[in-house]
Amino acid sequence: TPISSAQSAAADEYDYIVVGSGPGGGPLASNLARAGYSVLLVEGGDQSVGGSGNQYPPEITWDFFVKHYEDSERQMKYSHLTWRLTDGSYWVGRDNPPAGAKLLGVYYPRGGTVGGSSMINAMVTFLPSDSDWNHIVNITGDTSWSSDNMRKVFQRIEHNNYLPNPTPGHGFDGYFQTNMAKPMNLTNPGLVAMQAVASSLGKDPSKVVDYVNTDPNGLITNRDQATGIFGLPSHTKSNGQRFSSRDYIVETLNAVNADGTKKYPLTLQMNSLATRVLFGNDTACGTAKPRATGIEIMDGKSLYSADPRHNPNSKGSIRQATAKKEVILSGGTFNSPQILMLSGIGPADQLKQFNIPVLVDSPGVGRNLQDNQEMPIVGQFGQSGFGNPGGCTMLKTKHAAFDERDMFVFQGPFVFRGFWPSNQANAALPRDPTGAYGMSMVKMHPQNKAGTVKLSSANPQDMPDINFNLYAEGKETDMGAMKDTIGWARKVYGAIKAPQGPVKVLEPPCSGTLDANGGCGKDDEDWITAQTFGHHPTSTCAIGADDDPNAVLDSRFRVRGVAGLRVVDASTFPRIPGVFPVVATFMVSGKATDTLLEDAKADQC
Ligand SMILES: Cc1cc2nc3c(=O)[nH]c(=O)nc-3n(C[C@H](O)[C@H](O)[C@H](O)COP(=O)(O)OP(=O)(O)OC[C@H]3O[C@@H](n4cnc5c(N)ncnc54)[C@H](O)[C@@H]3O)c2cc1C
């Protein structure tokens with residue numbers, strides 16, 4: 001559905017301004033409008049829903065490039081680095097880039113369109129652990145974040161398309177559409193691989209079809225300890241199409257009253273890049289706190305440099321919009337801290353470096369960046385096959401950080417090695433051989449919180465400098481769990497016999513002898529160091545305790561040190577939720593709706 005171009009109200013004055021239309025901002029803006037408040041939703045991208053054949057089409061994708069390590073020797077070990085050639089095109093690889101190629105880093109796509117990253121993501125919808133929510137209660141004392149309450153939020157927003165209504169723990173009347181593939185049978189190589197997984201976990205291999213049909217998001221006793229094979233829900237509609245926050249925004253925009261007038265006061269402005277928050281003196285609260293009064297906006301197409309169509313000479317036109325109540329930043333984990341810093345809220349030394357006047361010295365802005373570490377364990381079957389088992393496997397490794405499962409594995413006749421631009425020029429980039437099979441691990445509860453998002457300049461069109469600083473903290477736990485899983489996967493592959501087997505393990509390679517657990521010591525560690533990637537960045541504007549200097553937000557999403565400004569998106573989690581953050585981000589948006597509506601009548605200070 002094309003979205004009709006937004007009409008700017010003459011005064012450009014609204015109750016609320018929300019920046020960013022992804023899972024954090026889109027539902028919140030829609031809900032506030034549905035509650036009767038006038039809302040301006042500002043989106044830097046436009047309304048495209050797809051594009052020209054590339055895996056991540058330039059029409060809807062922002063191309064970020066990140067570092068995994070500060071140390072360039074370690075950084076250079078990753079096999080899919082992206083470079084810019086002298087003719088402007090991308091080249092992907094590690095060794096022998098063409099003369100003049102400039103290293104950009106590790107490609108890290110984000111959605112840059114109405115609907116944000118929920119328009120390009122893999123849609124996996126897997127609820128986090130209860131402890132991820134209860135952690136927020138523990139650090140802030142705010143019991144509204146309890147896992148029981150967050151389950152109620154989930155039930156309220158979910159529109160379940162794959163279970164009978166009612167099913168405990170699920171919702172059927174909300175806007176967040178979920179579905180789950182339910183295969184009737186499995187074919188090889190996925191069938192034998194999944195049977196080997198079942199046997200390795202002491203489960204009945206003849207029941208793998210039942211297992212991959214099992215809902216993992218229900219009210220399962222001891223869910224967070226439960227290991228084994230489960231189904232894999234996604235945020236899709238009953239017809240199998242993608243659901244994203246775009247759908248709910250469009251539904252809200254298009255709703256009309258019986259007389260044909262617009263039902264909800266939501267205004268969406270696309271191709272509008274928020275450049276900074278504007279502040280005035282807080283008279284209403286009787287304190288000296290600066291109060292957010294609106295935002296500055298740069299209007300124009302592809303103005304952000306992560307947009308692959310960006311022209312550095314395009315400067316757009318600047319204007320301002322006013323928020324009578326509050327401004328909410330939902331630009332995502334890379335952009336919300338950037339906007340805060342451009343507005344003078346962030347680590348003072350960094351702001352001074354770029355001559356940005358310091359409004360609030362908030363050292364936690366852009367810190368605490370986290371990600372689920374990912375890497376495939378690659379096998380090769382003697383014959384190719386298309387049988388994809390679907391579903392997922394949950395493991396509890398010897399290195400689990402808590403008394404909970406800590407590793408998610410999905411698998412199939414494909415190898416997921418991370419991301420790189422598909423429109424790239426290196427024809428010699430190795431392809432996976434016939435019969436290649438991947439067991440992809442995704443680490444839960446990563447202990448590394450050392451990633452950073454820092455300004456690279458004071459220009460709001462520039463991308464920030466992003467460094468995940470992998471394994472800088474909690475290495476023993478994080479890498480230990482990855483090594484445990486590699487050993488386990490080698491054994492699973494080894495158990496697959498003729499006629500489908502034997503399966504050759506291609507990666508990680510082992511130059512010595514495997515130990516009793518299938519591990520290969522330092523070889524595995526070096527491979528993990530080189531080839532880890534991720535795509536779930538969170539936590540750069542984290543909620544935290546009143547006495548924590550790195551707590552950017554309080555438990556009501558309020559930016560500390562100012563009034564009238566909140567952050568609601570994947571950057572708000574103090575610790576990364578579960579294995580896949582999107583459903584938790586939709587839930588946070590639902591929770592923020594409650595909080596904002598509760599506070600709407602009072603003037604929040
Ligand atoms: C390729 C890919 C696959 C993924 N797969 C999964 C998955 O299967 N399951 C899962 O749980 N998670 C997945 N994720 C992650 C998930 O999609 C994100 O965690 C989630 O979308 C975060 O929501 P958000 O609202 O914080 O940010 P985003 O969805 O990134 O939305 C931010 C929005 O803000 C806009 N914006 C930013 N800055 C400005 C500005 N200055 N002015 C105006 N607008 C601005 C952006 O254009 C964007 O539309 C995936 C992500 C990607 C990219």
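In which loop is Asn 368 found? Asn 368 sits in the loop between strand S16 (360-361) and strand S17 (374-380). Helices (H or I, at least four residues) and strands (E, at least two) are DSSP runs, numbered from the N terminus.

Welcome to this structure. It is a predicted model, in which local features need pLDDT of at least 70, side-chain atom pairs count only at pLDDT 80 or more, and totals for chains, interfaces and linings use all residues. Residues are numbered from 1 along each chain as its sequence is written.

**Around Asn 368**

Asn 368 counts as buried, with 26 C-beta neighbours inside 10 Å. (A residue is buried if 20 or more other C-beta atoms lie within 10 Å of its own, exposed if 12 or fewer, and partly exposed in between; C-beta atoms are placed from the backbone.) Not counting residues up to four places away in sequence, Asn 368 touches Lys 449, Ser 539, Thr 540, Ala 542 and Asn 550; contact here means C-beta atoms, placed from the backbone, within 7 Å. Asp 173, by comparison, is 195 residues from Asn 368 in sequence and 36 Å from it in space, C-alpha to C-alpha.

**The ligand and the annotated site**

Now to the ligand. Of the 38 residues around it, Gly 20, Gly 22, Gly 116, Gly 332 and Phe 580 come nearest, where a residue is near if its C-beta atom, placed from the backbone, lies within 6 Å. Strand S6 (102-111), strand S12 (272-281), helix H8 (332-342) and H12 are the elements that give two or more residues to this shell. By class, the shell has 15 nonpolar, 20 polar and three charged residues. (Ala, Val, Leu, Ile, Met, Phe, Trp, Tyr, Cys and Pro count as nonpolar, Asp, Glu, Lys and Arg as charged, and the others, Gly among them, as polar.)

An unreviewed UniProt entry places the feature "binding site" at Asn 121, Ala 122, Met 123 and Val 124; such annotations may be inferred rather than shown by experiment, and positions follow the numbering used here, with feature names shortened. Asn 121 lies in the loop between S6 and helix H3 (130-140) and is buried, with 23 other C-beta atoms within 10 Å. Val 124 is also placed in the loop between S6 and H3, but is partly exposed, with 17 other C-beta atoms within 10 Å. Leaving aside neighbours within four places in sequence, Val 124 is in contact with Leu 232, Ser 234 and Phe 580.

The axes of helix H4 (residues 147-157) and helix H12 (residues 582-600) come within 9 Å and cross at roughly 95°. H4 and H12 are therefore roughly perpendicular to each other, a label for angles of 65 to 115 degrees (under 35 is roughly parallel, over 145 roughly antiparallel, the rest oblique). On the H4 side, Met 150, Val 153, Phe 154, Arg 156 and Ile 157 meet Phe 586, Met 587, Gly 590 and Lys 591 of H12. This contact has six nonpolar, one polar and two charged residues.

**Backbone details**

Here are some backbone features to look for.

| Residue(s) | Feature | Value |
|---|---|---|
| Asn 165 and Pro 166 | cis peptide bond | omega about 0° |
| Asn 188 to Pro 189 | cis peptide bond | omega near 10° |
| Asn 96 | positive phi, not a glycine | phi about 55° |
| Ser 302 | positive phi, not a glycine | phi about 50° |

Asn 96 is exposed, with 9 other C-beta atoms within 10 Å, whereas Ser 302 is buried, with 23.

How values were computed: Axes are lines fitted to C-alpha atoms, for helices over the stretch in contact, and angles run from 0 to 180 degrees between N-to-C directions. Two residues are in contact if their C-beta atoms, placed from the backbone, lie within 7 Å.
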